[in-house]
Amino acid sequence: MANGKLDPKDWPSFRDAAHKMLDDALDKMETAETARVWTAPTPELIDAMSQPLPEAGQEIAAIGEQLTDLLPFGPGNTHPRFWGWVHGSGTPAGLLPAIAMAAMNANLGGRDTGAIHVEKQVLDWSKAMMGFPQDASGLLVSGTSMATVIAMKTARDAMLGVKTRKTGLGSHSLVAYTSAQTHSCVARAFDIIGLGADTLRLVPCTDDYTIDLGALRKMIADDLAAGRSPFALIGTAGAVNVGAIDDLDALADIARAHDMWYHVDAAIGGAAMLSDGLRPRFKGLERADSVAFDFHKWLQVNYDAGCVLIRDADAHYASFNERPAYLAQSARGLSGGDFWPVDYGPELSRDFRALKVWAHLSHFGTKALGAAVDDNHRQAKLLGQLVDEAPGLQLMAPVALNIVCFRATGQGDLDKLNNEIVWEMQESGFAVPSTTVLNGQTAIRINLTNHRTRDRDLRALVVMVQELAEKLTAA
Ligand SMILES: Cc1ncc(COP(=O)(O)O)c(C=O)c1O
């Protein structure tokens with residue numbers, strides 16, 4: 001029986017506390033449909049989380065109680081009426097690998113462990129899902145933001161030479177392009193890797209919110225004429241505001257014609273590669289030099305889990321590999337192994353998130369996950385239709401994939417009205433939509449990456465928005 005300094009003194013009562021915690025977690029997930037969607041942190045909770053650094057500890061049962069008390073205070077994305085931003089809804093099955101992960105306490109930076117083979121397996125599956133060759137490389141990361149940093153650094157070093165890693169950037173004339181609808185994480189990646197967010201040109205979109213290919217070609221020509229060096233093109237496979245899908249194949253052609261690195265942000269759309277019906281709309285994604293996507297969004301793995309894939313494994317390795325003597329790979333023993341994730345990203349100590357992705361894909365299989373994507377796509381179309389037919393509501397953008405943007409119309413300040421409608425729905429615990437601004441107008445934004453949403457939730461939403469619009473306008 002383990003009896004280290006921090007092991008339980010009384011294993012049987014520790015087991016009881018652990019089993020109770022598991023039951024409480026299962027209760028939360030089993031009753032996900034009945035609770036409020038979001039509950040603001042209460043004064044009691046804030047007080048409980050504002051205590052001085054504890055000198056003396058508490059019994060594990062007391063900690064368990066506090067953890068259970070915290071369970072209702074997440075964002076609410078386990079609830080069928082959570083539609084804000086782009087949050088996946090998770091599964092109870094995610095609890096099992098979370099327990100196994102904690103028990104193994106594995107550090108996935110490298111070395112010859114069974115855990116590393118789980119990550120290799122998940123990466124091979126990811127390549128198959130995205131239509132990438134098996135000799136591509138990749139890494140599991142916290143999410144698409146980090147995946148984008150890794151992809152863009154690799155692109156930068158491939159373009160400027162790996163000497164940049166030592167000498168820094170110096171002056172350069174690099175420019176890159178992406179649609180004005182691309183997620184802010186791409187500009188942040190340019191900032192983080194030292195190229196500066198202004199290096200990234202935001203190309204205007206057409207009426208369907210996809211990148212305007214004519215405008216892109218003109219910007220490239222203008223930059224070339226001015227002596228600048230176009231080096232990267234970033235396409236969006238499901239844009240964050242409205243879910244628009246760029247013409248990924250045309251972007252691949254343009255990138256190839258100008259010898260640019262072609263990256264695709266598939267944070268949302270990557271999941272749709274599992275849908276036979278939707279996959280053709282992402283044609284061209286498989287031609288990318290790199291792709292970033294998330295398991296924690298539309299693929300429903302419990303937070304957090306994203307992935308970067310890079311076609312040129314050598315370029316990926318050259319951009320991150322750095323092994324001092326104390327991390328040298330050996331021919332035998334624990335320091336062996338042929339895949340050290342530290343060679344492919346900035347982190348040495350790494351979470352074993354591969355385990356939950358492996359368990360999730362193994363448990364559900366791609367068919368069921370693709371079917372959940374298809375169902376949300378169908379529901380987005382349904383909601384678009386319900387809004388179209390509802391008096392006093394107006395659709396703000398075409399429904400491309402899984403996101404519906406609309407607003408209540410009428411008299412007065414409609415931006416204020418629609419913001420207030422969303423806050424009312426959140427604060428009453430009824431639903432969590434978020435908002436965005438399209439063409440200068442506030443829209444209620446419903447993102448469907450939720451396998452628990454039922455059609456009746458969407459019908460109730462439409463009625464609720466109409467009622468709140470009437471009530472708030474009257475007030
Ligand atoms: C299209 C798109 N790209 C990138 C991101 C950033 O992803 P993450 O939050 O996993 O870092 C998001 C997040 O919603 C997104 O919608």
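## Overall organisation

The protein is divided into domain 1 (13-79), domain 2 (102-363) and domain 3 (365-474), with bounds taken from an automatic or database domain assignment. The centres of domain 1 and domain 2, taken over C-alpha atoms, are separated by 35 Å.

This is a predicted model, in which local features need pLDDT of at least 70 and side-chain atom pairs count only at pLDDT 80 or more, while totals for chains, interfaces and linings use all residues. Residues are numbered from 1 along each chain as its sequence is written, and side-chain values use heavy atoms, with hydrogens and water left out.

Helices (H or I, at least four residues) and strands (E, at least two) are DSSP runs numbered from the N terminus, and two strands pair if DSSP finds at least two bridges between them. Strand 5 and strand 6 run parallel and are joined by three bridges; valine 264 stands opposite valine 291 in strand 6. On strand 7 (residues 306-310), strand 6 pairs in the antiparallel sense over five bridges. There, serine 290 has isoleucine 310 as its bridge partner.

Burial is assigned by relative accessible area: buried means under 20%, exposed over 50%, and partly exposed in between (1.4 Å probe, protein chains only). Strand 6 (residues 290-294) is largely enclosed by the rest of the structure, because five of its five residues are buried. Ser290, Ala292 and Asp294 point one way from this strand, and Val291 and Phe293 point the other way.

The loop between strand 6 and strand 7 contains aspartate 304. A cis peptide bond, with omega of about -15°, joins tyrosine 303 to aspartate 304.

## Aspartate 265

Aspartate 265 belongs to strand 5 (residues 261-265). This residue is buried yet has no salt bridge, a term that requires a side-chain nitrogen of Lys or Arg within 4 Å of a carboxyl oxygen of Asp or Glu. The nearest side chain of opposite charge is that of lysine 297, 7.3 Å away; Lys and Arg count as positive and Asp and Glu as negative, whereas His and the chain ends are not counted.

The side chain of aspartate 265 reaches the backbone nitrogen of alanine 267 at 2.9 Å. Contact means heavy atoms within 4.5 Å. Leaving aside neighbours within four places in sequence, the contacts of aspartate 265 include Thr144, His183, Cys185 and Ala292.

## Asparagine 447 and tryptophan 85

Asparagine 447 is located in strand 11 (residues 441-447) and, at 1% relative accessibility, counts as buried. A polar atom of its side chain lies 3.1 Å from the backbone oxygen of tryptophan 85. Not counting residues up to four places away in sequence, asparagine 447 touches several residues, among them Phe82, Trp83, Gly84, Trp85, Asn402 and Ile403.

Tryptophan 85 is placed in the loop between helix 3 (60-70) and helix 4 (95-104). Although not a glycine, tryptophan 85 has a positive phi of about 45°. Its relative accessible area is 45%, so tryptophan 85 is partly exposed.

## Exposed positions

Asparagine 105 is also not a glycine and has a positive phi, of about 50°. The residue sits in the loop between helix 4 and helix 5 (114-130) and counts as exposed at 65% relative accessibility.

Glutamate 389 lies in helix 12 (residues 353-389) and is exposed, with 55% relative accessibility. Glutamate 389 and glycine 84 are 305 residues apart in sequence and 23 Å apart in space, C-alpha to C-alpha.

Note on methods: A polar contact is a pair of N or O atoms within 3.5 Å; within protein, one must be able to donate a hydrogen and the other to accept it, and residues adjacent in sequence count only if both atoms are side-chain atoms.
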